[in-house]
Each structure stands twice: as structure tokens, then as C-alpha cells.
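Colleague: I would like to go through this structure with you. Please show it first.

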Amino acid sequence: MGSKYTKRYSVEYRRDAIALVRSSGRTVTGVARELGVSPESLRNWVRRDQADRGEGTPGELTSAEREELKRLRRQNREQQQTIEILKKATAFFVKESDR
């Protein structure tokens with residue numbers, strides 16, 4: 001959940017803003033000011049676009065890799081919770097069978 005001041009921009013708007021930065025030769029800050037977007041947001045969009053195109057810094061994750069990592073972390077967390085529940089259930093049934 002973001003702040004109530006967080007703006008959400010459509011994929012098309014972001015794509016057009018990135019294209020404007022790439023084609024105009026102007027600075028990210030200048031384009032951001034013209035569009036009324038935070039310069040840091042636009043800089044992040046451009047950086048992610050470069051990574052997705054394979055032009056990013058070495059070791060930088062693409063959007064697809066970032067999504068997969070997020071999915072795998074969620075799956076790992078759920079599996080850890082399942083394991084903890086099973087451990088508690090096992091301990092409970094072992095304790096009950098000793099009676």
C-alpha cells in the first residue's frame with residue numbers, strides 16, 4: 001500500500017515518457033519537469049527499461065526476473081509457514097500418542 005500521495009501512472013504513459021527521454025536527448029530531470037513527474041520516478045522507469053533491453057548494468061535484474069524473484073520469495077514464505085504448521089502438528093500428535 002502506498003501513500004495517499006502516490007500517483008499511479010499507466011504502462012502507456014510510462015512507455016511514452018521513456019521514449020521521450022530516449023528520443024529527445026534532454027535530461028531526465030528536464031523531461032520529468034515538463035511532464036509533471038518526479039525526476040526520480042522517471043529515472044527509475046528509464047533504468048528498468050534499459051535493464052529490460054539488456055542495456056543495464058551487469059547483474060541488474062530485468063522486470064521478468066524481478067517478478068519471478070518476488071513470486072519465488074512468496075512461495076518460499078508460504079512453504080516455510082506450512083513446514084512450521086506441520087512441525088507443530090507432528091509434535092502435538094507425538095505428545096498425544098504417548099498418553
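What follows is a talk about the terms used for this model and the values behind them.

Modeller: This is a predicted model, where local features need pLDDT of at least 70, side-chain atom pairs count only at pLDDT 80 or more, and totals for chains, interfaces and linings use all residues. Residues are numbered from 1 along each chain as its sequence is written, and side-chain values use heavy atoms, with hydrogens and water left out.

Colleague: Why is Asp49 called buried?

Modeller: Buried means under 20% relative accessible area, exposed means over 50%, and partly exposed lies in between (1.4 Å probe, protein chains only). Asp49 has 17% relative accessibility, so Asp49 counts as buried. Asp49 is in helix H3. Helices here are DSSP runs of H or I with at least four residues, strands are runs of E with at least two, and both are numbered from the N terminus.

Colleague: What does Asp49 touch, not counting residues up to four places away in sequence?

Modeller: Asp49 touches Ile18 and Arg22 on that count. Contact means heavy atoms within 4.5 Å.

Colleague: How do you know whether Gly25 is buried or exposed?

Modeller: Gly25 has a relative accessible area of 68%, so Gly25 is exposed. Gly25 sits in the loop between H1 and H2. The C-alpha atoms of Gly25 and Arg47 are separated by 15 Å, and the two residues are 22 apart along the chain.

Colleague: What makes Glu60 partly exposed?

Modeller: The relative accessible area of Glu60 is 26%, so Glu60 is partly exposed. Glu60 lies in the loop between H3 and H4. Leaving aside neighbours within four places in sequence, Glu60 is in contact with Arg47, Ala51 and Glu65. From Glu60 to Arg48, 12 residues apart along the chain, the C-alpha separation is 8.9 Å.

Colleague: Which class does Val94 fall in, by relative accessible area?

Modeller: Val94 has 45%, so Val94 is partly exposed. Val94 belongs to helix H4. Val94 and Ser24 are 70 residues apart in sequence and 70 Å apart in space, C-alpha to C-alpha.

Colleague: What makes a group of residues a nonpolar core?

Modeller: A nonpolar core is a set of buried Ala, Val, Leu, Ile, Met, Phe, Trp, Tyr and Cys residues joined through side-chain atoms within 4.5 Å. The largest one here has 11 residues: Tyr9, Ala17, Ile18, Val21, Val28, Val31, Ala32, Val37, Leu42, Trp45 and Val46. Helix H1 (11–24), helix H2 (28–35) and helix H3 (39–52) each supply at least two residues of this core. Not counting residues up to four places away in sequence, Leu42 touches Ala17, Ile18, Val21, Val28, Val31, Ala32 and Val37.

Colleague: Which residues of H2 are buried? And how do you know where they lie around the axis of H2?

Modeller: Val28, Val31 and Ala32 are the buried residues of H2. They cover an arc of only 100 degrees around the axis, so they are on the same side of H2. The arc is that of the directions from the helix axis to the C-beta atoms. On the other side of H2, Arg33 and Glu34 are exposed. H1 and H3 are among what covers the buried residues of H2. Just after H2, Gly36 takes a positive phi of about 75 degrees.

Colleague: What makes something a pocket?

Modeller: On a 1 Å grid over the protein atoms alone, a pocket is an open set of points where a 1.4 Å probe fits, with protein on both sides within 12 Å along at least five of seven lines. Lining residues have an atom within 4 Å of a point. The largest pocket has a volume of about 330 Å³. H1, H3 and helix H4 (63–97) are the elements that give two or more residues to its lining.

Colleague: How many charged residues are in the lining of the largest pocket?

Modeller: Eight are charged, alongside three nonpolar and one polar. Asp, Glu, Lys and Arg count as charged, Ala, Val, Leu, Ile, Met, Phe, Trp, Tyr, Cys and Pro as nonpolar, and the others, Gly among them, as polar. The lining includes Arg14, Arg15, Asp52 and Lys70.

Technical notes. Grid points are joined across faces, edges and corners, and a volume is the space filled by probe spheres set on the points.
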